[in-house]
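The entries below are in the order in which I looked things up.

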Amino acid sequence: MIKYRVVVADDEDIIRKGIVQLVDWDKLQCQVVKECVDGNEVLAFLKESQADIVITDIKMPGMDGIELMKSIYEQCHQVQTIILTAYSDFDYIKKALRYGVVDFVVKNNFIEELPKAVEAAAIRCEKSREEREKAGINEEEHKSMQGYILESLALSRVLNDSEDIVRYG
């Protein structure tokens, strides 16, 4: 049974395809619903569709993994993020922790470590669902609110100054 929808973002085609094909998603009760090459593509997908877990590379052209995590953290609290990295730079780790990263997975060891991180993300997803149920928010209302928030975020990035905000806001 598929319970969790996963988005995989990495600009390296071979890494992205490897994650999709080498991880036993069925065993994790997951389905990869989208493969993306950067954070902008992930946000565009999240605006239109639902996902539970985003697995993202830390360094990508366009919007990188840290910027993506920040946007998800600010706008889509229920989406859990996992960072893929070839770097052990403490600054990246510190920034990612600020935005609620579930785990860091080193690219050269993802076959062993990624399933553990996905299981941890699934636990957080369940807690988030339970909290929404307690608050009386159904999935459709939640998706509607998420779309509105992501649209607002996109506009805030386009509208740079107060004149634009007054004119279009």
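This is a predicted model: local features need pLDDT of at least 70, side-chain atom pairs count only at pLDDT 80 or more; totals for chains, interfaces and linings use all residues.

Entry 1: I then placed aspartate 38 itself, which sits in the loop that runs between strand S2 (30-36) and helix H2 (39-48). I noted that aspartate 38 is buried and yet has no salt bridge, and I looked up the nearest side chain of opposite charge, which is that of arginine 16, 9.7 Å away. Leaving aside the neighbours within four places in sequence, I listed the contacts of aspartate 38 as Met60, Pro61, Gly62 and Met63.

**Entry 2: the sheet.** I traced the strand order next and read it as S2-S1-S3-S4-S5, an open sheet of five strands with parallel pairing. S2 and strand S5 (103-106) stand at the edges with a single partner strand each, so one side of each has no neighbour in the sheet. Direction ignored, I found that neighbouring strands of this sheet are turned against each other by 25° on average.

**Entry 3: strand S4 and its partners.** I went on to strand S4 (residues 80-85), and asked first how many bridges join S3 to S4. There are five, and the two strands run parallel; within this part of the sheet I noted that isoleucine 55 stands opposite isoleucine 82 in S4. Towards S5, I counted four bridges, again in the parallel sense, and I wrote down that isoleucine 83 stands opposite phenylalanine 104 in S5, while threonine 85 stands opposite valine 106 in S5.

**Entry 4: what covers S4.** Is S4 mostly covered or mostly open? I found it mostly covered, with six of its six residues buried, and I sorted these residues by face: Gln80, Ile82 and Leu84 are buried on one side, and Thr81, Ile83 and Thr85 are buried on the other. I then looked up helices that lie across this strand. Helix H3 (residues 65-75) lies across strand S3 (53-57) and S4, and I read its angle to S3 as about 155°. Helix H5 (residues 110-135) lies across strand S1 (4-9), S2, S3, S4 and S5, and I read its angle to S4 as about 165°.

Terms used
Residues are numbered from 1 along each chain as its sequence is written. Side-chain values use heavy atoms; hydrogens and water are left out. Buried means under 20% relative accessible area, exposed over 50%, partly exposed in between (1.4 Å probe, protein chains only). Lys and Arg count as positive and Asp and Glu as negative; His and the chain ends are not counted. A salt bridge is a side-chain nitrogen of Lys or Arg within 4 Å of a carboxyl oxygen of Asp or Glu. Contact means heavy atoms within 4.5 Å. Two strands pair if DSSP finds at least two bridges between them. Axes are lines fitted to C-alpha atoms, for helices over the stretch in contact, and angles run from 0 to 180 degrees between N-to-C directions.
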